[in-house]
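Here's a quick tour for anyone opening this structure for the first time.

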Amino acid sequence: MAGTMTAADLTARLAGPLQAAGLVLEEVTVTPAGKRRVVRVLVDRDLASLDLAEDDAASRIAPLTLDEVADATRIIDAELDGDDDGPAYTLEVSSPGIGRKLTEFRHFRRNVGRLVKVTTTTGQLTGRLQSATPTELVVLVAGTAKVPDRRETVPMDQVTRARVEVDFSGVDTAELDTADLDTADLDQAEAGTEDAGRLQEEND
């Protein structure tokens, strides 16, 4: 059944078990590949499971680790393996990578501290996301030799498009206060790869 179910069916089926593990299901795609199906699942940390104060809009949230992605893979695989008569499939589980569109508040909140490009109804800006609330973003736009850095407050309802950018200048860890983040995870994400890699598993 896993290979014949639609992405919508799988989304409804997997969301609950993943949420119980402190994860949120971001996207499911099912693609035919010969006699097999490729099931791709994007998961991320569920902000509801974090102890964040209501006025906390600027703390950094660590990306998923490889161990957490592996746990998600086991949960998803167990659900899919319940259909013993289903066709063979390849399961790929990963966290959202650099360049993926930011469309929900939770997407912005998870990426506080990263370089983002934001298009609004009045223009476009690229800078370090300083904070995010359901109503507004604060972005630090780097200055030049003649123009100082500036902070821009962007109403959320004016954002028409946004994404995380690859940061070729590197990350100022002192500015970001990322002592609690895994350095390898942060470097990997800033280099434009998956935040915590991808796990792939084939099932016959």
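Five helices and nine strands make up the chain. Keep in mind that this is a predicted model. If you walk along the sequence, the elements come in the pattern α-β-β-α-β-α-β-β-β-β-β-α-α-β. Here's what to look at, topic by topic.

**The chain as a whole**

- The chain has 204 residues, and 43% of them count as buried.
- Its accessible surface comes to about 10800 Å², with 49% of that belonging to carbon and sulfur atoms.
- Take the contacts in the chain with a separation of 6 or more: residues 24 or more positions apart account for 61% of them.

**The five-stranded sheet**

- Go looking for an open sheet of five strands, which run in the order S7-S6-S5-S4-S8 with antiparallel pairing.
- Which strands stand at the edges of this sheet? They're S7 (150-155) and S8 (159-164); each has a single partner strand, so one side of each is left without a neighbour in the sheet.
- On average, neighbouring strands here are turned by 40° against each other, ignoring direction.

**Salt bridges: the overall picture**

- Side chains of opposite charge can pair when their charged atoms come close.
- How many salt bridges does a search of the whole structure find? The count is 12.
- Some of these join up: Glu26, Asp44, Arg106 and Arg110 are linked in a network of salt bridges.

**Arginine 106 and glutamate 26**

- These two form a salt bridge whose closest N and O atoms are 3.1 Å apart.
- It's a link between distant parts of the chain, since arginine 106 sits in helix H3 (residues 105-110) and glutamate 26 in strand S1 (residues 23-33), 80 residues apart.
- Arginine 106 counts as partly exposed because its relative accessibility is 29%.
- Glutamate 26, on the other hand, is buried, with a relative accessible area of 15%.

**Arginine 40 and glutamate 92**

- Here the side chains meet in a salt bridge at 3.0 Å, N to O.
- Arginine 40 lies in strand S2 (residues 36-45) and glutamate 92 in strand S3 (residues 89-94), so this pair ties together parts that are 52 residues apart in sequence.
- Is glutamate 92 buried or exposed? Glutamate 92 is buried, at a relative accessible area of 10%.
- Arginine 40 has 34% relative accessibility, so this residue counts as partly exposed.

**Glutamate 68 and arginine 45**

- Another salt bridge joins glutamate 68 to arginine 45, and the closest N and O atoms are 2.9 Å apart.
- This time a helix and a strand are involved: glutamate 68 is in helix H2 (residues 66-80) and arginine 45 in strand S2, so the pair ties together parts that are 23 residues apart in sequence.
- With 23% relative accessibility, glutamate 68 counts as partly exposed.
- Arginine 45 has 13% relative accessibility and counts as buried.

Notes: Residues are numbered from 1 along each chain as its sequence is written. This is a predicted model: local features need pLDDT of at least 70, side-chain atom pairs count only at pLDDT 80 or more; totals for chains, interfaces and linings use all residues. Side-chain values use heavy atoms; hydrogens and water are left out. Two strands pair if DSSP finds at least two bridges between them. Helices (H or I, at least four residues) and strands (E, at least two) are DSSP runs, numbered from the N terminus. Axes are lines fitted to C-alpha atoms, for helices over the stretch in contact, and angles run from 0 to 180 degrees between N-to-C directions. A salt bridge is a side-chain nitrogen of Lys or Arg within 4 Å of a carboxyl oxygen of Asp or Glu. Buried means under 20% relative accessible area, exposed over 50%, partly exposed in between (1.4 Å probe, protein chains only). Contact means heavy atoms within 4.5 Å. Accessible areas come from the Shrake-Rupley method with a 1.4 Å probe; for residues, only the protein chains shown count as cover.
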